[in-house]
Amino acid sequence: MAFTTLEVQEAEQAIAVQANSDDMFRLGLIYSTDVEDRGPDFVEAHKWFSLAAMMGSSPAKAYQSQLKNEMSAQDVTLALKAARGWLAENRQMVSTAA
């Protein structure tokens, strides 16, 4: 199933308004499958699954773990660094959502 850029933008806008695990999980699903027929972006998917898992999403934890098996160690490191960067930029929003 391919997702459109519009669907990605809608999910990202929802997170920009209020960070929640459901929208983060949705972005993980989008990036783990396909966006505009470009193929999956496992680094971006892992980032969003990591953030959703941190916020308590059990399905995100499972997807993150499964996805990790498909990725190189370097890509996992990049994904975790991206998640930490997102948290640093959005710490205030995350603390109010928790």
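Which handedness does the crossing of α3 and α4 have? I find it left-handed, a label for a near helix turned anticlockwise from the far one by less than a right angle, with clockwise being right-handed.

**Ground rules.** I am working on a predicted model, where local features need pLDDT of at least 70, side-chain atom pairs count only at pLDDT 80 or more, and totals for chains, interfaces and linings use all residues. Residues are numbered from 1 along each chain as its sequence is written, and side-chain values use heavy atoms, with hydrogens and water left out. Helices (H or I, at least four residues) and strands (E, at least two) are DSSP runs, numbered from the N terminus.

**Entry: α3 and α4.** Two packed helices are described by the angle between their axes and the distance between the axes. I looked up both. The axes of α3 and α4 cross at roughly 150° and come within 8 Å. Axes here are lines fitted to C-alpha atoms, for helices over the stretch in contact, with angles from 0 to 180 degrees between N-to-C directions. From α3, I list Phe42, Ala45, His46, Phe49, Ser50, Ala52 and Ala53. They meet Ala60, Lys61, Tyr63, Gln64, Leu67 and Lys68 in α4. Contact means heavy atoms within 4.5 Å. By class, the residues of this contact are eight nonpolar, three polar and two charged. The classes: Ala, Val, Leu, Ile, Met, Phe, Trp, Tyr, Cys and Pro are nonpolar, Asp, Glu, Lys and Arg are charged, and the others, Gly among them, are polar.

**Entry: α1 and α2.** Helix α1 covers residues 5–17 and helix α2 residues 21–33. Their axes come within 9 Å and cross at roughly 155°. That makes α1 roughly antiparallel to α2. The cut-offs: under 35 degrees is roughly parallel, over 145 roughly antiparallel, 65 to 115 roughly perpendicular, and the rest oblique. I noted a left-handed crossing for α1 and α2. On the α1 side, the contact is made by Glu7, Val8, Glu10, Ala11, Glu12, Ala14 and Ile15. On the α2 side I find Asp23, Met24, Arg26, Leu27, Ile30 and Tyr31. The residues of the α1 contact with α2 divide into eight nonpolar, no polar and five charged.

I then followed isoleucine 30. Leaving aside neighbours within four places in sequence, isoleucine 30 is in contact with Phe3, Glu7, Val8, Ala11 and Val35.

**Entry: α2 and α3.** Here the axes come within 8 Å and cross at roughly 160°. So α2 is roughly antiparallel to α3. The crossing of α2 past α3 is left-handed. The contact draws on Ser21, Met24, Phe25, Leu27, Gly28, Leu29, Tyr31 and Ser32 of α2. Phe42, Glu44, Ala45, Trp48, Phe49, Leu51 and Ala52 come from α3. I record 11 nonpolar, three polar and one charged among the residues of the contact of α2 with α3.

**Entry: the core.** Which residues touch the most other members of the largest nonpolar core? Of its 27 residues, I get Met24, Leu27, Ile30, Tyr31, Trp48, Leu51 and Trp86. Such a core is a set of buried Ala, Val, Leu, Ile, Met, Phe, Trp, Tyr and Cys residues joined through side-chain atoms within 4.5 Å. The elements giving two or more residues are α1, α2, α3, α4 (58–68) and α5 (73–97). The most comes from α5, with seven residues.

**Entry: tryptophan 86.** This residue is in helix α5. Tryptophan 86 is buried, with a relative accessible area of 12%. My cut-offs are buried under 20%, exposed over 50%, partly exposed in between (1.4 Å probe, protein chains only). Outside four places in sequence, tryptophan 86 is in contact with Ile15, Ala19, Met24, Trp48, Leu51, Met93 and Val94.

**Entry: other single residues.** Glutamate 89 also lies in helix α5. Is glutamate 89 buried or exposed? I read exposed, at 69% relative accessible area. Serine 50 sits in helix α3 (residues 42–54). At 11% relative accessibility, serine 50 counts as buried. Not counting residues up to four places away in sequence, serine 50 touches Gln64, Leu80 and Ala83. Alanine 62 belongs to helix α4. I have alanine 62 as partly exposed, at 46%.
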